[in-house]
Amino acid sequence: MPLLGYIRNMFSLSVPLGKLVRRATRLRGGGSALPGLVVEKIDPGFMRRTLSTLPHGVAVVSGTNGKTTTTKMVVELLESQGLKVFTNRTGSNFTRGVAAALLGEVDWRGRLDADIAVLELDEAHAVHFVNSVPPRYCLLLNVLRDQLDRFGEIDKTAQLLQQIAAKTTGTVVLNREDPRVARIADTLTGQDVKYFGLDESLLGTFPNDDDMRAAPGSPAPAGLPEKPAADVVLRNVGADTAEFEYDGGTVTTAMKLRGVYNIFNAAAALTLARSICGGGAATANHETLLEALSQVAPAFGRGESLTVDGQPLDLVLVKNPSGFRLGLKSFPAGGYATMIAINDNYADGRDMSWLWDVEFDSLRAEGVDQLTGSRAYDMALRLQYDEVPFGSVQPEIAPALAAFIREASGKPKRIFCTYTAMLAIRRELSKITTVEVVS
Amino acid sequence: MSLETPSAEAAGGRSKGALRVVQLYPRDMNIYGDWGNALVLQRRISWHGYTPELLEYNVGDPFPADVDIIVGGGGQDSGQLVIQDDLQARAAELKGLAEDGAPMLLICGLYQLFGRFFKTRTGAVIPGIGVLDVETHGTDERLIGNVKVSTPEFGEVLGYENHSGQTTLGEGVRPLGTTAKGTGNNSSDGHEGARYRNIVASYLHGSLLPKNPAIADFLIRTAAERRYGTFEPGHPDDRYAVLAREHAARRPR
């Protein structure tokens with residue numbers, strides 16, 4: 001295509017063109033990645049060229065669970081230290097989404113006014129990304145059973161994370177408590193490796209994938225090497241506080257975030273922020289860091305609390321067995337009306353096997369009020385085998401939600417939902433309360 | 001709504017007898033919810049009025065006596081390597097049980113390893129224990145998605161496949177069924193799973209048994225008849241299994 005060839009030779013045109021496409025798609029109300037695709041096609045070097053000018057380089061956040069909230073925390077922590085941060089806030093965690101987000105931020109000459117880029121990237125896309133833009137930092141959270149229908153096996157997913165670490169030029173931050181992530185350290189040669197970790201007493205609340213695989217009561221596999229020291233350790237979690245240990249001391253801070261797993265990710269974010277700003281008391285200002293940490297609100301759908309009819313309604317996103325288990329553990333059923341919404345669209349994963357890796361005993365006493373989503377009957381069957389009583393089963397989300405709100409009026413409510421079920425629920429809720437709708 | 005289907009004991013009746021289910025290598029070979037199969041057997045044995053006893057067998061454990069049903073799941077390549085030697089050491093016992101008519105459910109990874117061998121993409125040959133006359137060849141193609149199988153014994157079987165090994169059946173076994181959606185054993189012959197004596201082997205996760213209670217009840221009936229001479233079924237409430245099957249059958253690949 002000669003025209004495209006001409007344009008490709010005219011670097012100076014790709015950014016204005018991409019920005020125009022971005023404007024046009026915005027006006028249309030369309031997807032966020034198309035302008036990124038356009039600029040990638042006509043100017044493949046755009047992203048690398050733009051990001052390589054940043055004084056603190058690029059930090060990549062990847063792993064199965066908690067990328068969005070953790071990235072949000074890292075950004076807010078760095079901003080508290082006066083850094084100007086570029087991030088892919090739209091949640092389009094693919095390379096094209098990054099290019100599209102960049103187009104929104106650069107000026108018409110393609111310059112980005114930022115000190116550092118902190119990017120949330122899905123494991124497979126992160127590998128693609130780091131091959132073209134080697135990051136200075138990476139933060140690898142965990143490898144859990146999620147979307148195995150896309151990546152095949154957990155060990156393969158771990159290999160993807162290993163490749164991200166190998167391409168990192170500066171510091172690699174690893175989860176000490178996830179054996180598949182911690183082991184990545186053995187494969188690295190030049191990088192500085194830092195860990196975030198958990199107190200022994202909290203380990204039980206975070207089953208890693210190996211712990212989960214064995215049936216209850218069976219011993220964990222022996223022979224794990226002694227754990228390395230961690231830069232930041234989460235020591236304790238209170239009702240709305242958390243205790244972190246670093247630089248040889250412990251500090252307790254208030255937390256807006258809910259759910260133990262979010263707070264463990266706060267330890268991850270803190271470790272990365274300390275690596276970027278310089279650990280120790282000398283460089284990073286820990287008072288402002290902790291203040292910023294205590295103010296981080298959950299990302300969209302991750303333990304968000306809305307108000308419906310004067311009662312709280314919590315949305316808990318569940319994407320995989322470990323996330324569902326942690327959700328059930330973090331948000332006890334007592335006093336709440338519960339709905340579960342399970343869809344099996346592409347973004348949710350089509351395989352329903354994961355429901356059988358979650359134990360629902362904790363819901364037995366209170367029961368579940370409503371089941372909905374395209375796989376509502378799979379969920380009903382799952383609850384039947386865990387002897388958890390449930391109310392109505394209605395695959396259509398809108399009527400199920402209406403019935404749930406009507407029948408549980410005067411009671412706090414909680415909805416565990418898969419990704420596309422959450423989008424549908426938010427659309428419905430936006431008709432009766434204030435909620436951010438993401439299409 | 002109460003969904004409890006009381007067991008004979010809970011209803012004040014007498015248990016029709018104990019049935020011992022052994023999960024094979026749950027620590028290393030239990031992926032994509034294969035635990036669900038063990039749970040379904042446990043509950044349905046009780047719903048049929050018998051007393052379930054669920055045991056685990058992991059690498060290095062003493063092998064349990066008086067096994068009534070064996071259930072084995074899928075694993076990652078790494079899991080298969082961990083259990084390989086132990087499985088070979090137990091080959092005679094497992095083969096003896098199979099030939100004696102013990103019912104077994106073997107999913108994915110253990111289906112492959114109960115066959116004659118698994119030849120990896122790089123040409124390495126992992127020996128199986130030869131209980132099933134099948135062989136498996138690793139490929140670069142991963143077969144992933146919802147599967148619908150027409151079977152002569154259990155009607156329509158629904159599940160989800162996720163494997164790159166392709167299995168070919170020898171003359172000593174017959175297929176579990178023919179795929180109506182999805183791929184099954186391999187990308188050429190349209191067969192899914194294998195049947196031999198009272199063994200049901202399949203690539204399907206889902207988990208397989210919750211939405212296919214006919215297979216679960218076949219395993220339980222066979223086990224009861226083998227131990228007690230007869231099987232007196234109970235009345236499990238399968239209305240949600242029926243509805244879940246109807247909805248699952250309509251979902252895309």
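Where in chain A is the place of A:E387? The answer comes in point 7, after a walk through both chains.

1. A word on how to read this. This is a predicted model, in which local features need pLDDT of at least 70, side-chain atom pairs count only at pLDDT 80 or more, and totals for chains, interfaces and linings use all residues. Residues are numbered from 1 along each chain as its sequence is written, while chains are lettered from A and ligands numbered from 1 in the order in which they are written.

2. Let's begin with chain A as a whole. Chain A holds 19 helices and 15 strands; here helices (H or I, at least four residues) and strands (E, at least two) are DSSP runs, numbered from the N terminus. Of its 439 residues, 52% are buried. A residue is called buried if 20 or more other C-beta atoms lie within 10 Å of its own, exposed if 12 or fewer, and partly exposed in between, with C-beta atoms placed from the backbone. Among contacts in chain A between residues at least 6 apart in sequence, 72% link residues at least 24 apart. Two residues are in contact if their C-beta atoms, placed from the backbone, lie within 7 Å.

3. Next, the domains. Chain A splits into domain 1 (44-215 + 225-295) and domain 2 (302-429), with bounds that come from an automatic or database domain assignment. Taken over C-alpha atoms, the centres of these two domains of chain A are 29 Å apart.

4. Now a sheet in chain A. Nine strands form an open sheet with mixed pairing, in the order β2-β3-β1-β4-β5-β6-β7-β8-β9 (chain A). Two strands pair if DSSP finds at least two bridges between them. At the edges are β2 (85-87) and β9 (249-254) of chain A, each pairing on one side only. From one strand to the next, the twist averages 20°. Angles like this run from 0 to 180 degrees between N-to-C directions, and axes are lines fitted to C-alpha atoms, for helices over the stretch in contact. Strand β8 (residues 241-246) of chain A runs antiparallel to β9(A), joined to it by six bridges. You can find A:A242 opposite A:T253 in β9(A).

5. Chain B has a sheet to compare. Its six strands form an open, mixed sheet in the order β2-β1-β3-β4-β12-β11 (chain B). The edge strands β2 (51-57) and β11 (194-196) of chain B each have a single partner strand, so one side of each is left without a neighbour in the sheet. Direction ignored, neighbouring strands of this sheet are turned by 15° against each other on average. Strand β3 (residues 69-72) of chain B pairs with strand β4 (residues 104-107) of chain B in the parallel sense, over three bridges. In β4(B), B:L105 is the bridge partner of B:V71.

6. How do the chains meet? The contact takes 33 residues from chain A and 37 residues from chain B. On the side of chain B that touches chain A, α7(B) gives the most, with six residues. By class, this side of chain B has 15 nonpolar, 15 polar and seven charged residues. Ala, Val, Leu, Ile, Met, Phe, Trp, Tyr, Cys and Pro count as nonpolar, Asp, Glu, Lys and Arg as charged, and the others, Gly among them, as polar.

7. Last, some backbone details worth a look. The place of A:E387 is the loop between α17 and β14 (390-394) of chain A. Its phi is near 55°, a positive value in a residue other than glycine. A:E387 counts as partly exposed because it has 14 C-beta neighbours inside 10 Å. In chain B, B:R197 lies in the loop between β11 and β12 and has a positive phi of about 45°, although it is not a glycine. With 16 other C-beta atoms within 10 Å, B:R197 is partly exposed. Finally, a cis peptide bond joins B:G206 and B:S207, with omega about -10°. B:S207 sits in the loop between β12 and α5 (208-211) of chain B.
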